[in-house]
Amino acid sequence: MTTSEPQRQMTLVGFMQAGNVTVYSGSWRYPSADLSFLELEYYLRVARTLEQGKFDLVFFDDRLAMPGVYGDSVAEAVRYGARPIKLDLTAILGGIIGATSRIGVGATYSTTYYSPFHVARTFATLDHLSGGRAAWNVVTSVNDSEAQNFGVNQHLAHDERYDRAEEFLEAVSALWDSWEDDALTMDQDTGLFADPDKVHEVDHHGKWFDVRGPLTVPRTPQGRPTLLQAGQSGRGREFAAQWADLLFTAAPGIDVAQQHYREQRAQIAAAGRDPAEVKILPMAYVVVGETETIAAEKEQLFLHRYVHPMASLTLLSEVLNYDFSGHDLDDVITPDIIDSSSGIRGLAVSVRRHLGREDITLRDLAAHRATLLQGPRFVGTAEQVADQMQEWFLGEACDGFVVAATHLPGAFEDFVRLVVPVLQQRGLFRTEYEGRTLRDHLGLPRAQVRERAQTQH
């Protein structure tokens with residue numbers, strides 16, 4: 001597709017982990033994978049590549065524990081490299097900010113184990129130092145292993161986590177808004193540094209938090225850092241409709257994605273927000289080759305060679321907060337197993353739909369959480385991959401994609417070298433950055449001050 005008329009363009013986000021693997025747990029075993037993940041240059045190379053490809057954002061997923069639910073031990077996670085390494089993200093984002101000039105930079109921080117003041121100051125600082133490119137991926141954390149690293153025996157129940165997250169966002173937003181835009185004067189002649197009438201205490205008093213404020217960082221270039229959220233439950237979708245600028249989703253196929261897109265946009269509108277100001281982005285793997293045969297051969301390697309079944313099972317236990325060590329991989333998923341964890345039911349429905357059969361095994365579930373089976377997979381030449389992405393985008397299944405790498409840095413380098421030029425030629429993706437901030441890239445307005453009365457409880 002080529003046209004001179006302005007048209008809607010994709011949002012592209014690069015999905016990263018600060019450790020030995022991508023979201024695909026076998027990525028470290030790929031022969032050309034770079035294993036220097038303990039060195040800053042590893043992350044800078046990826047960020048520079050994505051900026052060369054004019055991506056909107058690179059963001060980092062995170063967990064606050066090694067996978068340790070399976071067998072109540074971290075042994076299998078360590079043995080098979082199932083995400084045992086997770087570096088602190090602040091230092092990495094600081095390095096990326098210094099090595100790039102346009103791409104957005106995002107990190108995952110938990111509303112369950114951090115404090116509102118800490119998170120507000122961290123991301124406000126990143127937004128200033130980057131010139132308005134910071135994003136926070138809001139999570140409530142997932143399991144007891146994380147709880148136990150913070151002195152708590154059990155993770156909060158689902159609804160309690162979201163109750164806490166709602167109040168957390170109210171407090172953080174109030175802190176970000178505690179400086180008015182023109183509060184900072186820095187008049188060297190008069191000696192007036194800032195107008196105290198334009199710097200406000202927050203005085204938030206709620207069930208979970210008491211926060212006096214103001215924040216020690218002035219209001220940021222974006223007004224507030226951009227917010228990502230990936231809740232898939234009913235409560236998670238409500239939370240995202242209220243707060244998210246970018247909504248990170250999972251959909252096995254285009255029909256499911258189109259239904260979710262319609263429902264989520266309606267929910268955003270019902271929350272009193274403009275759906276056009278929220279980007280809905282499914283995670284997608286891309287396996288691209290110079291020929292169709294090369295791409296197909298690579299796909300088979302990723303599907304069948306590099307992920308150990310035990311690594312998959314270890315990660316499944318972590319995500320669902322359920323110990324599967326008492327089950328065999330070939331055990332059929334029964335109603336009793338489904339009732340054992342709230343997360344299993346939704347995953348089981350998705351896997352049954354994807355496989356087209358009712359009887360599914362634990363091996364099926366594990367494969368769909370740790371391999372290329374867990375989201376849409378676009379495979380082929382650059383033209384074929386662009387065709388598939390275009391079908392989703394123009395078919396109102398999404399506003400773009402969170403691109404997950406099969407291995408680093410090669411998967412992103414191949415995508416930028418081969419696929420991005422085709423998307424650009426079709427007018428589906430930018431050829432240059434037009435603005436300076438992440439909100440500029442996304443076509444979103446600068447964040448406005450929320451009413452301070454909303455922070456009172």
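This is a predicted model: local features need pLDDT of at least 70, side-chain atom pairs count only at pLDDT 80 or more; totals for chains, interfaces and linings use all residues.
Q: How do you know that the length of H8 agrees with what a helix should span?
A: Helix H8 runs over residues 254–270, which makes 17 residues. At 1.5 Å a residue these should span 24 Å, and the end C-alpha atoms are 24 Å apart, so the two values agree.

Q: Which residues of H8 are called buried, and what makes them so?
A: They are Ile254, Ala257, Gln258, His260, Tyr261, Gln264 and Ile268. A residue is called buried because its relative accessible area is under 20%.

Q: What do the buried residues of H8 pack against?
A: Their partners are helix H7 (234–243), strand E10 (246–249), strand E11 (279–288) and helix H14 (382–394). Beyond the helix, H8 is followed by Gly272, which has a positive phi near 85°.

Q: Why is Asp203 called partly exposed?
A: Buried means under 20% and exposed means over 50%, with partly exposed in between. Asp203 has a relative accessibility of 32%, so Asp203 counts as partly exposed.

Q: What makes the phi of Asp203 worth a look?
A: Most residues other than glycine have a negative phi. Asp203 is not a glycine, yet its phi is positive, about 50°. You can find Asp203 in the loop between strand E6 (192–194) and strand E7 (204–205). Met186 is also not a glycine and has a positive phi, near 50°; Met186 lies in strand E5 (residues 184–187).

Q: Which peptide bond involving Pro214 is cis, and what is its omega?
A: The bond that joins Gly213 and Pro214 is cis, with omega about 0°. Pro214 sits in the loop between strand E8 (210–211) and strand E9 (226–229). Another cis bond runs from Leu408 to Pro409, where omega is near -5°. Pro409 is in the loop between strand E13 (400–404) and helix H15 (410–425). For context, most peptide bonds are trans.

Q: What makes up the lining of the second largest pocket?
A: By class, the lining has eight nonpolar, five polar and nine charged residues. There are 22 lining residues, and Arg224, Gln242, Asp245, Arg273 and Arg450 lie nearest the centre of the pocket. The volume of this pocket is about 530 Å³.

Technical notes: Residues are numbered from 1 along each chain as its sequence is written. Side-chain values use heavy atoms; hydrogens and water are left out. On a 1 Å grid over the protein atoms alone, a cavity is a set of points where a 1.4 Å probe fits but cannot get out, and a pocket is an open set with protein on both sides within 12 Å along at least five of seven lines; lining residues have an atom within 4 Å of a point. Grid points are joined across faces, edges and corners, and a volume is the space filled by probe spheres set on the points. Ala, Val, Leu, Ile, Met, Phe, Trp, Tyr, Cys and Pro count as nonpolar, Asp, Glu, Lys and Arg as charged, and the others, Gly among them, as polar. Helices (H or I, at least four residues) and strands (E, at least two) are DSSP runs, numbered from the N terminus. The expected span of a helix is 1.5 Å times one less than its number of residues. Buried means under 20% relative accessible area, exposed over 50%, partly exposed in between (1.4 Å probe, protein chains only). Contact means heavy atoms within 4.5 Å.
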